[in-house]
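Reader: I am new to this structure. Please show it, and then I will ask what the terms used for it rest on.

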Amino acid sequence: MESSAHKFKDLAFTARRDAHLQAALGKLGSGFSLKRKEAARRLPEFEGLRDQAKTIKDHVLENLDFYLERFEERVIEGGGELHWCGDADAAQKKILDICRKANAKTVTKSKSMIGEEIAINEFLEKNNIEPIETDLGEYIIQLRGETPSHIIAPAVHLNMGQVEDTFREKHTTLEPGRKLDEPQRLLEEARSQLRDKFLNADVGITGANMLIAETGSTVLVTNEGNADLTHTLPRIHIVIATLEKVVPTLEDATSILRVLARSATGQEMSVYTTFCTGPKKSKDEDGPDEYHVILLDNGRSELLGSEFQDMLRCIRCGACLNHCPVYQTIGGHAYGWVYSGPMGAVLIPALIGLDRAGDLPNASTLCGQCEAVCPMRIPLPGLLRAWRTKQFEGSEKNTLGKILLKVWVTFVKSPKLYRGAMNFILMILEIFGRKSGGFQWLPLAKGWTQSRDFPSPAGPTFVSQWKKGLLMSDQEELQKRQKK
Amino acid sequence: MSDIVKNKAPVVGLFVTCLVDTLRPEVGFASALLLQRAGCRVEVPLSQTCCGQPAYNAGARADTKAIAKNVITSFEGYDYLVAPSGSCAGMIKEHYPKIFKAEKKWKNRAEALAIKTFELTQFLSEEVSINASTPETRITATYHDACSGLRELKIKQQPRELLLKVSGISLKEGKEAERCCGFGGLFCVKYGDISTGMVDEKIADLEATGAETVLGGDLGCLLNIAGRLKRVGSSMEVRHIAEVLVGSLDVPAILKTRKIKK
């Protein structure tokens, strides 16, 4: 997927003025987070499960080669094929290869963020293979030519009216008189369109929430059941997943499942949890003839052993997006690439380069809400700060911000100089601000004063006043006041 | 006061924070007075400037270390370091030891200081007790939980209990009291437009409580909230909790007109 992360500020500005988006974000803010809170409250061991889930993933990341090789062995033993792919290009080519060998014309797809990462839809289309998204949200945005704005709720930026308009425009067989004013009716309309596509597809592509080394299974979590139709009906099933998705055992997978849905939507379990273990066996009634796992690196192995390794624990639940006040203000598209919210702001620079996504790690107050809810206890604010350090230390270029910071640091490091400078600035500000009591414009602070007043100071610094012994008189005055 | 009692009084180094130091000295005086009422001897090291958080969050590691060393040197001699800010106290308590993880000598000193570092309401609730009560304060207030204090130092009940105990104020809770106000240090200047959206969400929640005063423990958030409230013409007042606990309500609230001394 092409990145527009370098246009973050402009995209965020536009997003703030998009009334439809703002209405949608308003609903998101409290919905998911309240549900998560309730789900966590209902399960007394939830916090312990988070620790356990973290421990499992940390162990995997320390022994990733071992578990990946074991996973590969099991996939092959089960009659499947495993394809190691270093980057998006390699994955695209491999998928196209498989589709061409099968003489595939249409491919159904269930929701996969890795699919977005490698832009598989555009690639297949270019090669005259029609990809059909079957997750309702993904289906809607595919019709609209958009990208997901949320990792688990891809069409969360849209309202019902917009979806209805899209269906009326794109579904040529839709009778004008038919009502589409309720979610259920919209769902039925999408289903009526998708039913034949499911049946006629040659290949089904799914993502995977986890890969299980013990069994060679891939785990899929959905709420719509579309993934099951995607991988059981076509003749060929392709799973696309990145390296860090592997877990050692079935039991480990279920431990992580216990925190996944609760963190994501506040459900105990997703409606469908599917374990796919290879192609159809001789006695099976359903299932694909071929089972391929595309095991993709795409930048992950570079994070191993780096200060960003913790990010590889991410299970893509979306809790950090749902709880992020920045995400809630601008939505997902402003981040400019596949991922968004705090996890996106950490992951995008790692995957496409810090120089192409320089705003993302900075556009956060580091409020810590993401880390507080992350089921895998990823220290997201710390990782955002680590990117900032790379930016600050890694570039020779002196931006205005950097120069100002350096000047400020020079003063802060020298208390006497600092005190003198501060008192001087305060004196000037006091003179100019005396009348109004505040400022509506200050040099270098447009970001603040464009929407907020800045107070006029009341005198010299506290430390200077304290030094002069002003405290005692203040105290006496206060005590006198109390006696009255 | 006898010499023995005097000697027993814990000596608190008041880390006043750069924002209070420059923009709201009243909070510094109120904090000092509260600490004295709680039986502490208060000292203000003149060598203090800033905790270094702006540099730290900008990724300037070497500068952060230099600033942190100044804070450690200035405050390690006291029994406690107390700051009227969860953000600065959190920086010293949670982040200084991490900053020096590769320098053993400084790491030890940072850890020693971290143990005795407290945010003001945390200190007044957990380490000492304050019995003096202020004259009945008739304000209806709501409390904004500043992010670092809440999530790094677990400050939630302490300010609320102190307000009830010392000033007889019970709060009208905002539904989103724990939501970030959008200040974020340099964030609010660099991403002013996003920050504005965030503070608008915050003030909508504060105003929905029907309270007339917003209280909080971090001047950064309070300046941000007060600055926006003033710009949109709201009558809500904004104060640091220390001002209320000490009873100095005749000082104008943040960004409300000050009386000019003649």
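Author: Across the interface of chain B and chain A, the rule finds 8 salt bridges. Keep in mind that this is a predicted model.

Reader: What makes Asp453(A) and Arg231(B) a salt bridge?

Author: The cut-off is a side-chain nitrogen of Lys or Arg within 4 Å of a carboxyl oxygen of Asp or Glu. In Asp453(A) and Arg231(B) the closest N and O atoms are 2.7 Å apart, so the pair meets the rule.

Reader: Which helices of chain B supply at least two residues of the side that touches chain A?

Author: Among them are helix H2 (18-23), helix H3 (25-37) and helix H13 (219-231) of chain B. The largest share, 8 residues, comes from H12(B). By class, that side of chain B has 37 nonpolar, 19 polar and 13 charged residues.

Reader: How many residues are in contact between chain B and chain A, and what area do the two chains bury?

Author: Contact requires heavy atoms within 4.5 Å. On that basis, 69 residues of chain B are in contact with 71 residues of chain A. The two chains bury about 6100 Å² between them, with 61% of it on carbon and sulfur atoms.

Reader: Why is the pair Asp51(A) and Arg377(A) said to tie together parts of chain A?

Author: The side chains of Asp51(A) and Arg377(A) meet in a salt bridge at 2.6 Å, N to O. Asp51(A) lies in helix H3 (residues 46-62) and Arg377(A) in the loop between helix H17 (369-373) and helix H18 (380-394), so the pair ties together parts 326 residues apart in sequence.

Terms used:
Residues numbered from 1 in each chain as written. Chains lettered and ligands numbered in written order. Predicted model: local features only at pLDDT ≥ 70, side-chain atom pairs only at ≥ 80, totals over all residues. Heavy atoms only, no water. Buried area = accessible area lost by both parts, 1.4 Å probe. Helix = DSSP H or I, 4+ residues; strand = E, 2+ residues; numbered from the N terminus. Nonpolar A, V, L, I, M, F, W, Y, C, P; charged D, E, K, R; others polar.
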